[in-house]
Amino acid sequence: MTEDEFDAFYAATFPRLTGQLAAFTGDREEAQDVVQEAFVRAWDRRGDFLADEAPEAWIRTVAMRLAVSRWRRARRWLELVRRTPPPESVPGPDPDHTALVAALRQLPTAQRRVIVLHHLCDLSVERIASETGAPVGTVKARLFRGRAALAKHLAVDEPDTPVAPAAPVTPVAPVAPVRKESGRV
């Protein structure tokens, strides 16, 4: 079958086959998918197709087998999901992690990159320089500026802790000076 003959065959049979497979699957979109896949497979074999050998039956058979395979795959997946217990609840990230990520997002990309590579990936300054293509001095400057910016973003305002009041001071009566006139006190 030539390309022109195949195009004419496609135009004439696609709507009919889609209708037949929609009745078989109960889903028009699924029918279109499997018929289209069958035509793709037929396109690869169009040289072997002969117009008098019922190519429409071949495409219908392939499309039906594809639909059945999809049903089986979906059924196996559903069985697997039903057998798998629901996952235990996973706690969310702690507030410190969330604050760090938010602070990192506020940094310029170059600073964020060197901060992550140095502090989270444990890379040396020299290694970061070779990976980023930036001079060592630039990496050090970005680390310095990034740390300073992170410190500002992560600074926690310490609440004013009340200072315990000092013990009350009892007034002391003034002591009279001692005179040494007679040697007596």
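## Starting with P55

Which helix is P55 found in? P55 is found in helix α3, where a helix is a DSSP run of H or I at least four residues long, numbered from the N terminus. P55 is buried, with a relative accessible area of 9%; buried means under 20%, exposed over 50%, and partly exposed in between (1.4 Å probe, protein chains only). Its C-alpha atom is separated by 8.6 Å from that of A42, 13 residues apart along the chain.

This is a predicted model, so local features need pLDDT of at least 70 and side-chain atom pairs count only at pLDDT 80 or more, while totals for chains, interfaces and linings use all residues. Residues are numbered from 1 along each chain as its sequence is written, and side-chain values use heavy atoms, with hydrogens and water left out.

## The whole chain

Here's the overall layout. The chain has seven helices and zero strands (a strand would be a DSSP run of E with at least two residues), giving the pattern α-α-α-α-α-α-α along the sequence. Of its 185 residues, 23% count as buried.

Contact means heavy atoms within 4.5 Å. Among contacts in the chain with a separation of 6 or more, 57% come from residues 24 or more positions apart. The accessible surface comes to about 14,300 Å², and 56% of that belongs to carbon and sulfur atoms; areas come from the Shrake-Rupley method with a 1.4 Å probe, and for residues only the protein chains shown count as cover.

Side chains of opposite charge can pair when their charged atoms come close. A salt bridge here is a side-chain nitrogen of Lys or Arg within 4 Å of a carboxyl oxygen of Asp or Glu, and a search of the whole structure finds seven of them. One is between D33 and R70 (3.8 Å, N to O). This pair links distant parts of the chain, with D33 in helix α2 and R70 in helix α3, 37 residues apart. D33 is partly exposed at 43% relative accessible area, and R70 is partly exposed at 29%.

R70 also turns up beside E30, which touches T25 and R70, not counting residues up to four places away in sequence. E30 lies in helix α2 (residues 28-44) and counts as buried because its relative accessibility is 18%.

## Further along α3

Another salt bridge joins E79 and R75 (4.0 Å, N to O). These two are four residues apart in helix α3, so they are separated by about one helical turn.

L78 is in helix α3 too (residues 55-83), and it is partly exposed at 35%. W77, L78 and V81 make a nonpolar surface patch of about 300 Å². Patches use residues with over 30% relative accessible area and no salt bridge, joining like charges within 9 Å and nonpolar side chains (Val, Leu, Ile, Met, Phe, Trp, Tyr) within 5 Å.

## Where α6 meets α7

Two packed helices are described by the angle between their axes and the distance between the axes. The axes of α6 (residues 125-132) and α7 (residues 136-154) come within 9 Å and cross at roughly 110°. That makes α6 roughly perpendicular to α7. Axes are lines fitted to C-alpha atoms, for helices over the stretch in contact, with angles from 0 to 180 degrees between N-to-C directions; under 35 degrees counts as roughly parallel, over 145 as roughly antiparallel, 65 to 115 as roughly perpendicular and the rest as oblique. V125, I128, A129 and T132 in α6 meet V136, V139, K140 and L143 in α7.
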